Amino acid sequence: MIKLQIAVAGVAMAAIMTAPSFAGDHGQHKAHWGYSGEAGPGHWGSLKAAYATCGAGAQQSPINIQAQRALASKVGEIKFSYKPTPVKVLNNGHTIQVNYAPGNTMSVGGKTYELLQFHFHSPSEHMINDKHAKMEAHLVHKAADGKLAVVGIMMNVGKALDALAPVWSRLPHELNKVALNPGTVNAADLLPANAQNYYHYMGSLTTPPCTESVSWYVMKDAVEVAASQAAEFVDLIGENARPVQGVNRRFMLSNE
Ligand SMILES: [Zn+2]
């Protein structure tokens with residue numbers, strides 16, 4: 001399980017592995033990636049060799065999804081098999097990440113992916129028709145062959161998202177401290193009412209090492225999050241959205 005999480009969440013891995021030296025070692029801290037200045041997104045590709053794809057990749061995420069350019073297509077039904085599950089909430093310094101126990105899957109195109117974790121960005125990383133949402137949730141899944149699928153959910157300010165209450169009530173304010181027992185969370189409660197209404201394209205992790213061949217499923221319909229919930233996240237983490245990347249020669253599909 002640990003190995004699985006490390007392989008997927010390169011982000012979390014980097015944060016966890018540098019944790020012991022994080023507090024007192026400023027040199028180590030400087031070498032780490034972030035969202036502004038010398039360690040910001042425009043510099044990720046040159047921070048270290050392992051991050052080269054962040055600068056050189058041609059299939060990077062996030063992107064600005066233009067509805068008019070998306071090809072109407074039968075990508076297929078996504079079968080979400082999510083259930084109430086015990087979780088662990090981690091503040092890795094880049095986001096709040098909710099790690100899942102095994103047993104939740106999504107299946108699409110004949111392939112089944114296990115839900116490993118979900119986490120948040122503010123503002124949203126993807127844009128739809130040139131617009132950001134207040135936040136974006138990323139549900140990160142991995143198939144048996146190692147391929148990743150991420151479901152992106154835009155979150156606009158509105159009524160409180162009750163599904164987040166157990167997580168938000170235990171937001172870890174300390175780096176790399178895991179909050180246990182926030183109760184069970186059902187990732188299905190994060191999905192918009194129509195979760196078959198989505199865009200699909202091939203992209204990457206949006207954080208170093210920016211690994212490509214990630215199947216993205218970005219929901220067309222946003223969910224709502226309370227202004228106070230969004231503010232609490234930003235107060236804790238700061239803004240953590242990578243700017244949109246070039247679409248280049250990629251197709252965007254619109255599941256119809
Ligand atoms: Zn993300």
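Strand β10 spans residues 148-158, and eight of its 11 residues are buried, so the rest of the structure largely encloses this strand. The model is a predicted one.

**The hairpin of β9 and β10**
- Strand β9 covers residues 135-143 and runs antiparallel to β10, with eight bridges joining the two.
- In this pairing, A137 sits opposite I153 of β10.
- Together β9 and β10 make a hairpin, with four residues between the strands.
- G146 lies in the turn and has a positive phi of about 95°.

**Parallel partners of β10**
- Strand β14 (residues 212-219) runs parallel to β10, and five bridges join them.
- Here V151 stands opposite Y217 of β14.
- Strand β15 (residues 223-226) also pairs with β10 in the parallel sense, over four bridges.
- In that pair, M155 faces V223 of β15.

**The zinc site**
- Three residues coordinate the zinc ion: H119 through NE2, H121 through NE2 and H138 through ND1.
- The distances are 2.0 to 2.1 Å.
- Along the sequence, the donor residues follow the spacing H-x1-H-x16-H.

- Why does H119 count as buried? Its relative accessible area is 11%, and buried means under 20%.
- H121 has a relative accessible area of 2%, so H121 is buried too.

Notes:
Residues numbered from 1 in each chain as written. Predicted model: local features only at pLDDT ≥ 70, side-chain atom pairs only at ≥ 80, totals over all residues. Heavy atoms only, no water. Donors = N, O, S within 2.8 Å, 3.2 Å for Na, K, Ca; no water. Buried < 20%, exposed > 50% of the residue type's maximum accessible area, 1.4 Å probe, protein only. Pairing = 2+ DSSP bridges.
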